[in-house]
Amino acid sequence: MARKYTGIFLRFFKTPIPDNPKPSFWFILIGKKMLAIFLCMFVYFGLVSINFLWLFGKSPSLEQLQRPKMEQASEVYSSDSVLIGKYYNENRIPVTYNEISPWVIKALVATEDVRFYEHTGIDFTALPSIFIYTLRGDNRGASTLTQQLAKNLYKTRGGGSKGLLGYIPGLNIIIDKTKEWLTAIGLERRFTKEEIITMYLNTVDFGSNAFGIHTASKTFFDVSPDSLNIEQSAVLVGLLKAPTTYSPLLHPSRAKTRRNTVLAQMVKYKIIPKATYDTLKTKPIVLDYQTENNFDGPATYFRGVLNTYLKDWCDKNGYDLYTDGLKIYTTINSRMQEYAEEAVQEHMSDLQNKFFKSWTGKNPWIDANGEEIPDFIDSISRHLPIYRWLKKKYKNDTAKISEEMNRPKDMTVFSWHGERDTTMSTIDSLAYYKKFLHAGFMSMDPYTGQIKAWVGGINYKYFQYDHVMQAKRQPGSTFKPILYAAAFENGWGPCDSLRDTAVTVHYVEKGVKKTWSPHNADFIFTGQKMTLRRAMGKSVNSIAAQLTNKIGWTTVIDYAHRLGIESKLDTVPSIGLGSSDVSVYELVGAYSTFMNKGIYTKPMFITKISDRNGKVIQEFNPETHRAISPETAYLMTYMLRGGIEEPGGTSQNLWTFPEIFKGNEVGGKTGTSSHHSDGWFIGVTKDVVAGMWVGGDDRSIHFKTSEMGEGSHVALPIFGRYMTKVYADKSLGFKMGYFPKATVPISKPCNCRTVLPKDTTQKILPDSLAGKEGEDL
């Protein structure tokens with residue numbers, strides 16, 4: 001019988017058996033065969049390492065092994081060093097070994113790899129289990145922490161790591177394991193056990209979009225990883241087996257059972273005593289769940305705009321915003337940002353309530369004649385993605401499309417009293433949202449060009465369109481300071497006068513003869529002469545129209561571009577009254593030039609970008625140029641004060657915020673577009689320039705009356721609220737005071753504040769664009 005099986009063994013190796021073989025024969029035979037097996041394995045491992053003929057898939061290079069690179073979130077910091085946002089595929093913040101609770105380390109080793117400190121990457125004691133799992137078609141078994149790290153760190157089982165043979169069931173598992181063995185051995189040769197376990201805990205997925213022990217600690221318990229206690233550590237280690245299955249948020253009972261399994265392993269290996277286990281196993285899991293998403297945190301609209309800029313920057317500079325762990329340092333001040341968001345929220349919630357009441361029983365989408373636009377919502381709905389999808393699904397069957405668009409469904413909608421669960425159709429929800437007013441706000445340092453606060457809308461989760469840079473709307477009279485600056489550059493001065501009288505401008509546009517006859521806000525022309533300062537302070541349209549015509553439309557456009565307006569401006573007589581669309585971003589930059597002695601500084605929002613190791617990749621410097629003379633700049637600060645100081649000035653609603661006038665000079669300009677669709681205000685102090693726009697999402701949405709839609713009512717209060725909060729925070733260092741004095745000789749008179757008889761009352765006038773026949777120009 002023995003000779004029979006020996007023959008089978010020798011035939012397997014194709015070796016003839018001699019009669020009466022000596023013992024040396026067996027030693028030589030077995031040695032040769034073992035050497036052959038060893039050489040075959042050596043060749044196999046070598047072929048896997050070099051991905052021979054693309055059969056096995058790529059393995060980590062020596063460079064990658066020596067400098068492993070895990071996906072790491074890029075972080076955005078404010079100018080006062082507050083983390084305000086992150087960009088990531090995997091939400092991860094790496095920590096060091098000393099920043100991890102010892103209980104996490106002990107629980108992990110006891111549960112996942114009890115011989116971790118003894119093996120060199122492969123646990124040969126547990127190796128036989130691999131074959132059992134492989135036969136079952138399971139791709140786990142006997143994987144050490146180092147092997148798991150290799151899989152997590154280098155993605156050895158997916159994407160470009162899969163070769164041609166990797167698509168063969170069974171064989172793919174053997175190849176994957178081989179690459180993990182080789183990579184694990186390479187890691188063990190280059191790193192200490194502490195470094196390996198730290199990298200493992202920094203790379204592993206704990207579920208709930210929490211990658212790495214730092215994010216997991218914050219997500220589930222809102223503590224730092226070095227503060228995790230025994231039972232918290234056991235919960236997190238238990239998650240590693242199946243993050244969703246054992247999620248304490250989704251499946252608390254399973255999570256508790258899994259936690260107790262981890263604690264039992266710690267008892268088994270004498271890490272904790274049985275008495276401790278008996279006490280802890282009955283305790284419930286107490287969570288302090290803190291998940292992160294793109295809608296949370298401050299400056300959400302700013303981060304959206306920043307994201308677009310950074311992706312372009314990364315493409316040009318060879319970085320990945322979502323994986324390379326960049327550190328982006330911005331100009332935003334976290335406290336000023338908070339105050340800006342509060343000011344917008346407080347004012348807009350109150351304004352929205354008034355807007356709803358004013359349109360009770362009616363819809364705010366009206367035409368130039370004040371009539372509701374028929375089929376307004378149906379027309380807009382045809383541009384929705386859901387409409388295009390239904391159109392394709394039902395092959396242009398309008399009846400079925402309409403039925404689906406009007407079918408009620410459960411949904412959660414935005415309201416100023418918090419999210420509201422309701423039942424609406426798509427058409428109903430569109431009509432509901434179109435009635436909301438929106439806002440854009442930006443604040444900057446006029447001397448450095450650094451943007452300090454950016455609020456692009458009322459709620460980023462529901463309305464993601466940015467109204468600071470992305471949106472462009474008709475600015476109305478907030479554009480007039482650009483007109484007056486252009487006039488001062490061409491010989492005019494604040495104390496020069498023009499008569500308030502009706503005018504008509506004849507012009508040709510695209511070969512068509514046209515006339516334009518602007519009226520004043522109250523439809524009254526006084527016939528009186530008034531200084532340019534008072535004319536701008538009261539926002540008198542007739543004088544602005546005359547001045548535009550005298551210096552030339554193209555001159556106004558030229559100086560607008562010098563002052564940073566990059567939007568297309570129409571060459572029409574109404575250009576000086578703000579008939580062409582611009583952004584809040586552009587206007588705030590233009591007004592800052594007046595405070596900065598005529599130097600235009602392009603608004604900037606990044607100071608530097610560093611890599612994950614803190615090495616500075618790029619520093620950003622302000623872009624500047626001389627836009628207007630220092631004298632004109634100084635004269636414009638005098639003009640901007642006129643909105644408050646001149647009788648009937650349109651900025652006088654700021655007096656309702658007395659806290660900002662205690663020994664302080666404040667200037668600004670209101671603006672209201674045609675048919676009161678848009679309300680604007682740009683405010684200036686000696687340290688801060690801020691601009692804001694308020695209006696409907698669609699140009700056809702109007703305020704009910706011209707008075708209600710005035711910039712002094714719908715936009716200016718945001719500035720008042722904001723500056724009140726800024727000045728109240730003494731830690732910001734802003735002190736009240738006067739505008740900067742002139743640094744050059746002033747050749748033009750600039751002391752012509754209008755004084756009216758005491759018994760004369762002046763109405764605070766709005767600003768509008770309209771037409772009325774009058775004196776030809």
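In this predicted model, helix H13 contributes a set of buried residues: Thr-300, Tyr-301, Phe-302, Arg-303, Val-305, Leu-306, Asn-307, Leu-310, Trp-313 and Cys-314. An α-helix has 3.6 residues a turn, so residues three or four places apart point the same way.

The length of H13 was checked against its residue count. The helix runs over residues 300-317, which makes 18 residues. Just after H13, Gly-318 adopts a positive phi of about 75 degrees.

H13 also takes part in a pocket. The second largest pocket has a volume of about 480 Å³. Its lining comprises 20 residues, and those closest to the centre are Met-469, Tyr-585, Lys-602, Pro-603 and Phe-605. Two elements, H13 and helix H23 (584-595), each give two or more residues to this lining. H13 gives the most, with three residues.

Charged pairs were examined next. Side chains of opposite charge can pair when their charged atoms come close. The count of salt bridges comes to 27. Glu-188 and Lys-193 form one of these, at 2.9 Å from N to O. Both Glu-188 and Lys-193 are buried.

Glu-419 and Lys-461 form another salt bridge, at 2.7 Å from N to O. This pair links distant parts of the chain, 42 residues apart. Glu-419 sits in the loop between strand S4 (409-413) and strand S5 (420-424). Lys-461 sits in the loop between S7 and helix H19 (480-488). Glu-419 has 47% relative accessibility and therefore counts as partly exposed. Lys-461 has 41% relative accessibility, so this residue also counts as partly exposed.

A further salt bridge joins the side chains of Lys-514 and Glu-509, at 2.9 Å from N to O. Lys-514 is partly exposed because its relative accessibility is 33%. Glu-509 is partly exposed because its relative accessibility is 24%. Elsewhere, salt bridges with shared partners join Arg-533, Arg-641, Glu-645, Glu-646 and Glu-665 into one network.

Tyr-97 lies in the loop between S2 and helix H4 (102-112). Its relative accessible area is 26%, so Tyr-97 is partly exposed. Tyr-97 and Ile-196 are 99 residues apart in sequence. In space, the C-alpha atoms of Tyr-97 and Ile-196 are 9.5 Å apart. With neighbours within four places in sequence left aside, Tyr-97 is in contact with Ile-105, Tyr-117, Glu-194, Ile-197 and Thr-198.

The average pLDDT is 87. A score of at least 70 is reached by 83% of the residues. Over residues 760-773, pLDDT stays under 50. For this segment, the model has 52 contacts beyond four places in sequence.

Key:
Residues numbered from 1 in each chain as written. Predicted model: local features only at pLDDT ≥ 70, side-chain atom pairs only at ≥ 80, totals over all residues. Heavy atoms only, no water. pLDDT = per-residue confidence, 0-100. Contact = heavy atoms within 4.5 Å. Helix = DSSP H or I, 4+ residues; strand = E, 2+ residues; numbered from the N terminus. Expected span 1.5 Å × (residues − 1). Buried < 20%, exposed > 50% of the residue type's maximum accessible area, 1.4 Å probe, protein only. Salt bridge = Lys/Arg side-chain N within 4 Å of Asp/Glu carboxyl O. 1 Å grid on protein atoms, 1.4 Å probe; cavity = no way out; pocket = protein on both sides within 12 Å on 5 of 7 lines; lining within 4 Å. Points joined across faces, edges and corners; volume = space filled by probe spheres on them.
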